[in-house]
Amino acid sequence: MRAAFYERPGPADEVLVLGDLADPVPGPGEVKVALQWSGVNPSDVKGRAGSRGPTLPFARIVPHSDGMGVIEAVGAGVDPARIGQRAWLWNAAWGRPFGTAAQAIVLPAAQAVPLPDGTSGEAGACLGIPALTALQAVLTDGGIEGQSVLVAGGAGAVGHYAVQFARLLGARQVIATVSSAEKAAIARAAGADLAIDYKTDNVAERVREATGGQGVDRIIEVDIAANAATNLQALRPDGLIVVYGSGQREVTLPFFPLIAGNVGLRFFIVYHLSLADRHRAITTLDGLLRRGVLQHAIALRLPLDRIAEAHRAVESGRTVGNVVLQIG
Ligand SMILES: NC(=O)c1ccc[n+]([C@@H]2O[C@H](COP(=O)([O-])OP(=O)(O)OC[C@H]3O[C@@H](n4cnc5c(N)ncnc54)[C@H](OP(=O)(O)O)[C@@H]3O)[C@@H](O)[C@H]2O)c1
């Protein structure tokens, strides 16, 4: 099968190569998926660049955790009725050497979730990381029903889903931060009541105005290193900051405002969701996909052999939405 892979960390153009690898065969409890789309996320790009360390966890890595395809074969113990099913994948390259940047993959059957007919294949390649991260941020710690929620970076791959999930799952008020008029329009179209330009406006002041001076109940944070101080001014007492990203490896937090405000801080990584949280996120997502109410923002579609360009696009931070590769 045709696949893209790397054997050392480094710049996309230097280390990513295309070649033929042995066709994988499903073992017990596994399915083989003929891939149609592969999703590229910041985490895939950081792993390839070597930002997790100079040594790779495996001698050869086919990147990308997210993907969509059709189940082509099943291993022992898996219902053969799954053959022919469209599926979206999660954690396909987490703790495993072979991800979705290939014509086929084998992985545990539970990591290939049936994709409702009304959802496009390319959207299926955006669910494993962006959508599940956004759902966990919205659903964790009692959820957002009736809450006022601030989503930092409301036009980002995760943020765009977070705005939609907050709106669809019962938030009373959804506020997003953005950095341009174009991104403000995207966040509003996703369901934000208000989009604040964090580069030109005073976010805390605008949030306090919009919440009658109270502050929001929950902040869904893409860059805690940059926004911690603002968050403490924009959050109500007893509020929660759910952190899924940081622009810096080290974060400094002011102790007294945190403790005086009874602030809750929830960090999480989507790769390590508990079984119960993953089940809740997947079930909720499935219901929303079946209702056909989600917007999926595809920023860039490229063929598999232009994978290096796709990685550079994600690395640039200039894409608005998800980057996906079509597997020919
Ligand atoms: N914990 C997890 O499990 C998990 C899961 C998915 C992603 N992540 C991490 O989360 C980050 C975002 O991922 P993504 O796929 O959503 O990337 P993305 O599509 O590039 O979106 C990031 C968004 O954040 C905005 N942004 C950047 N700095 C900001 C700031 N200081 N305040 C407010 N908004 C800001 C960007 O817009 P502007 O540049 O216009 O500001 C952009 O819209 C990455 O670091 C990724 O590794 C973590």
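Reader: Where is the place of Val 270?

Author: In this predicted model, Val 270 sits in the loop that runs between S13 and helix H10, the latter covering residues 275-291.

Reader: And is Val 270 buried or exposed?

Author: Val 270 has a relative accessible area of 6%, and because buried means under 20%, this residue counts as buried.

Reader: What does Val 270 touch, leaving aside residues up to four places away in sequence?

Author: With those neighbours left out, Val 270 touches Asn 91, Gly 128, Ile 129, Leu 132, Thr 133 and Arg 278.

Reader: What about the phi of Asn 91?

Author: The phi of Asn 91 is near 55°, which is a positive value in a residue other than glycine. Most residues other than glycine have a negative phi.

Reader: What is phi like at Asn 262, and where is that residue?

Author: Asn 262 also is not a glycine, and it has a positive phi of about 50°. Its place is in the loop between helix H9, residues 255-260, and strand S13, residues 264-267.

Reader: Buried or exposed, for Asn 262?

Author: Asn 262 is exposed, with a relative accessible area of 51%, whereas Asn 91 is buried, with 8%.

Reader: Which residues does Phe 5 touch?

Author: Not counting residues up to four places away in sequence, the contacts of Phe 5 include Val 15, Leu 16, Val 17, Leu 18, Gly 19 and Leu 21, and also Arg 60, Ile 61, Val 62 and Pro 63. Ala 102 is 97 residues from Phe 5 along the chain, and the C-alpha atoms of the two are separated by 8.6 Å.

Reader: And Ala 76, buried or exposed?

Author: Ala 76 is exposed, with a relative accessible area of 55%, and it lies in the loop between strand S4, residues 66-74, and S5. Ala 76 touches Gly 27, Pro 28 and Gly 29, not counting residues up to four places away in sequence. Of these, Gly 29 is 47 residues from Ala 76 in sequence and 5.9 Å from it in space, C-alpha to C-alpha.

Reader: Zooming out, how many helices and strands does the protein chain have?

Author: The protein chain has 11 helices and 15 strands. Buried residues account for 53% of its 328 residues, and of the contacts between residues at least 6 apart in sequence, 68% join residues at least 24 apart.

Reader: What is the radius of gyration?

Author: The protein chain has 20 Å, which agrees with the value near 20 Å that a compact globule of 328 residues would have. Along the principal axes, the C-alpha atoms fill a box of roughly 60 × 40 × 35 Å.

Reader: Which residues does UniProt list for the domain?

Author: An unreviewed UniProt entry lists residues 12-325 as "domain: Enoyl reductase (ER)". Over residues 12-325 the chain is 32% helix and 25% strand, with the end C-alpha atoms 15 Å apart.

Key: Residues numbered from 1 in each chain as written. Predicted model: local features only at pLDDT ≥ 70, side-chain atom pairs only at ≥ 80, totals over all residues. Heavy atoms only, no water. Helix = DSSP H or I, 4+ residues; strand = E, 2+ residues; numbered from the N terminus. Rg over C-alpha atoms; globule rule 2.2 N^0.38 Å. Buried < 20%, exposed > 50% of the residue type's maximum accessible area, 1.4 Å probe, protein only. Contact = heavy atoms within 4.5 Å. UniProt positions renumbered as here; feature names shortened; annotations may be inferred.
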